[in-house]
Amino acid sequence: MQPPGPLGDCLRDWEDLQQDFQGIQETHRLYRLKLEELTKLQNGCASSIARQKKRVQELGLALKKCRPSLPAEAQEAAQELEDQMKERQGLFFDMEAYLPKKNGLYLSLVLGNVNVTLLSKQAKFAYKDEYEKFKLCLTIILILISFTCRFLLNSRVTDAAFNFLLVWYYCTLTIRESILINNGSRIKGWWVFHHYVSTFLSGVMLTWPDGLMYQKFRNQFLSFSMYQSFVQFLQYYYQSGCLYRLRALGERHTMDLTVEGFQSWMWRGLTFLLPFLFFGHFWQLFNALTLFSLARDPQCKEWQVLMCGFPFLLLFLGNFFTTLRVVHQKFHSQRHGSKKE
């Protein structure tokens with residue numbers, strides 16, 4: 001018999017909680033069993049894919065060796081088989097995006113051996129969408145701060161805060177992009193590497209002490225930062241709309257990202273961005289030449305001058321020639337297509 005009054009009410013509530021807790025325990029037990037089953041399925045699927053990829057690779061090498069000696073009537077069948085193997089590689093990529101995998105060197109150094117693979121399509125898309133919003137918000141903030149430093153405040157402290165924000169921004173981008181690549185995003189090549197270069201450049205700018213050389217380059221750098229952030233804002237705004245349309249038509253992967261450059265899928269509808277991009281590329285070259293000129297000044301004592309010049313030159317070369325290659329490939333494919341017609 002329960003005691004009357006408030007204590008009795010507490011005991012009755014506790015009994016209700018006990019019954020609920022037993023249900024929670026049973027649900028948690030089932031969850032752990034399913035989790036163990038899921039882990040076994042993941043390991044089995046990953047092993048099967050690895051074996052299949054190895055066999056497809058061996059088959060591709062065998063086909064490559066025997067193809068020159070094949071008769072003309074067999075060439076079409078060989079080409080069809082090669083196309084099917086390429087398509088299979090793409091399917092493997094999509095499958096592996098839902099399986100745990102070892103982190104690359106960069107993620108291992110930053111996060112350790114933590115599994116960063118998101119298992120549901122909704123979680124992957126939500127993380128990608130959050131990454132895009134993060135870039136948009138930080139781009140707007142960078143425009144405002146660079147404008148403030150350029151026209152309203154002339155202080156090494158505020159400049160250092162701006163450069164620290166750039167270092168944090170690019171470091172965060174490299175980590176998030178590595179996680180997105182692990183989850184099936186197809187960003188690769190220069191558009192990944194140039195964020196590492198930008199991180200290094202921002203770090204060197206952060207350590208550059210105030211002085212004559214710094215003041216000579218300061219306004220040029222802040223003006224460039226404003227322009228670069230403005231172009232990145234334009235790219236995000238128009239690329240996100242273009243990607244949405246292409247995904248709806250089934251022409252782009254759901255995990256494709258906006259990038260600070262020009263890719264082949266942007267050819268239809270986004271070619272008007274090319275003059276803005278090329279102007280920014282040549283501004284990077286102008287920054288590099290300015291810094292190399294300052295480094296030859298007898299009054300120049302800071303090592304940061306040359307260490308900023310080389311990354312600017314590398315950014316120009318990478319951005320300019322990567323964009324130029326995409327434009328050349330599109331012109332070549334269009335010309336080739338018109339000849340076929």
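C308 is buried, with a relative accessible area of 0%, where buried means under 20% relative accessible area, exposed over 50% and partly exposed in between (1.4 Å probe, protein chains only). This is a predicted model, where local features need pLDDT of at least 70, side-chain atom pairs count only at pLDDT 80 or more, and totals for chains, interfaces and linings use all residues. Residues are numbered from 1 along each chain as its sequence is written, and side-chain values use heavy atoms, with hydrogens and water left out.

| Cysteine | Relative accessible area | Class |
|---|---|---|
| C171 | 27% | partly exposed |
| C308 | 0% | buried |

As for disulfides (cysteine sulfur atoms within 2.5 Å of each other), the structure holds zero.

Now for the nonpolar cores, meaning sets of buried Ala, Val, Leu, Ile, Met, Phe, Trp, Tyr and Cys residues joined through side-chain atoms within 4.5 Å. The largest one has 42 residues, and M205, W208, F217, F221, L291 and F312 have the most contacts inside it. Helices α4, α5, α6, α7, α9 and α10 each give it two or more residues, helices being DSSP runs of H or I with at least four residues, numbered from the N terminus. The largest share, eight residues, comes from α7. A second, separate core of seven residues includes I49, M85, F92 and L99.

Leaving aside residues up to four places away in sequence, F217 touches M205, W208, N287, T290, L291, L294 and F312, with contact meaning heavy atoms within 4.5 Å. Turning to α9, its buried residues include N287, T290, L291 and L294.
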